[in-house]
Amino acid sequence: MEFLNMVLPYILDIIATLVIALIGVGGAYLAAKVGQNKKLANIGQAINQTILAAQLTVGELQQTVVDAAKAAAPNGKLTSGQIAALKRQLLTMTKEKLSNPVLQLLEASKTDINALIKGAAEDLISQMHTNGQAVTGVLMEATEGSTEDCAEA
């Protein structure tokens with residue numbers, strides 16, 4: 001019994017230290033999970049900003065480049081060179097609308113920014129066609145093709 005009275009304070013100290021360590025580990029784990037969720041939310045916001053910027057760029061190109069180029073063409077159609085130029089302009093102009101932190105976050109998350117921009121543009125043009133809005137369809141063609149085609153942007 002005397003041995004137990006001597007050892008008991010040390011055992012209690014060890015147990016208390018283990019409990020405190022477990023609380024610290026649990027807190028660190030929860031903090032990491034919260035940080036991960038916040039990072040995912042930030043990536044989601046960056047993707048949404050990119051989609052919006054791509055949609056705005058489609059409208060700009062439609063009004064400032066596509067309509068005028070088609071009107072100037074004898075057959076009313078753009079050449080493959082003009083379509084390639086539209087691809088580059090779509091990517092360049094959209095990326096110019098994005099802040100550096102957004103671009104850095106997307107790059108760090110290994111998001112294919114070019115594919116995201118092209119996909120957003122294709123979706124908007126498809127919706128415009130479905131809703132019967134005036135659209136030439138050239139941007140649909142301009143956003144098709146491989147990412148490598150657009151790497152020059």
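Reader: In which helix is Leu-8 found?

Author: In this predicted model, Leu-8 is found in helix H1, which runs over residues 2-72. With a relative accessibility of 38%, Leu-8 counts as partly exposed.

Reader: Which residues form the nonpolar patch on the surface, and how much accessible area do they have together?

Author: The general idea is that in soluble globular proteins nonpolar side chains tend to be buried together. Here, however, a nonpolar patch lies on the surface, formed by Met-1, Leu-4, Leu-8, Ile-11, Leu-12, Ile-15, Val-19 and Ile-23, and together these residues have about 780 Å² of accessible area. For the chain as a whole, the accessible surface comes to about 9,800 Å², and 62% of that belongs to carbon and sulfur atoms.

Reader: How many helices and strands does the chain have?

Author: The secondary structure comes to five helices and zero strands, so that, read along the sequence, the pattern is α-α-α-α-α. As for the contacts in the chain between residues at least 6 apart in sequence, 75% of them join residues at least 24 apart.

Reader: How many residues does the largest nonpolar core have, and which of them have the most contacts inside it?

Author: The largest nonpolar core has 24 residues, and Val-58, Leu-90 and Ile-117 are those with the most contacts inside it. At least two residues of this core are supplied by each of H1, helix H2 (80-97), H3 and helix H4 (113-130). Across the chain, 27% of the 153 residues count as buried.

Reader: Is Thr-94 buried or exposed, and which residues does Thr-94 touch?

Author: Thr-94, which is found in helix H2, is buried, because its relative accessible area is 0% and a residue counts as buried under 20%. Leaving aside residues up to four places away in sequence, Thr-94 touches Thr-50, Ala-53, Ala-54, Thr-57, Gln-89 and Ile-117.

Reader: Where is Thr-50 placed, and which residues does Thr-50 touch?

Author: Thr-50 has its place in helix H1 and is likewise buried, with a relative accessible area of 0%. Not counting residues up to four places away in sequence, Thr-50 touches Thr-94, Leu-98, Val-102, Leu-106, Leu-116 and Ile-117.

Reader: How many salt bridges does a search of the whole structure find?

Author: The search finds one salt bridge. Lys-97 forms it with Glu-60, and the closest N and O atoms are 3.1 Å apart. Because Lys-97 lies in helix H2 and Glu-60 in helix H1, the pair ties together parts that are 37 residues apart in sequence. Lys-97 is partly exposed, with a relative accessible area of 34%, and Glu-60 also counts as partly exposed, at 32% relative accessibility.

Reader: How far are the C-alpha atoms of Ile-83 and Val-66 separated?

Author: Those C-alpha atoms are separated by 9.3 Å, the two residues being 17 residues apart along the chain. Ile-83 is found in helix H2 and is buried, with a relative accessible area of 14%.

Reader: What is the phi of Lys-110, and where is the place of Lys-110?

Author: In general, most residues other than glycine have a negative phi. Lys-110 has a positive phi of about 60° although it is not a glycine. The place of Lys-110 is in the loop between H3 and H4, and Lys-110 is exposed there, with a relative accessible area of 74%.

Notes: Residues numbered from 1 in each chain as written. Predicted model: local features only at pLDDT ≥ 70, side-chain atom pairs only at ≥ 80, totals over all residues. Heavy atoms only, no water. Patch = residues over 30% accessible without salt bridge, like charges linked within 9 Å, V, L, I, M, F, W, Y side chains within 5 Å. Areas by Shrake-Rupley, 256 points an atom, 1.4 Å probe, with all protein chains shown as cover. Salt bridge = Lys/Arg side-chain N within 4 Å of Asp/Glu carboxyl O. Helix = DSSP H or I, 4+ residues; strand = E, 2+ residues; numbered from the N terminus. Buried < 20%, exposed > 50% of the residue type's maximum accessible area, 1.4 Å probe, protein only. Core = buried A, V, L, I, M, F, W, Y, C linked by side-chain atoms within 4.5 Å. Contact = heavy atoms within 4.5 Å.
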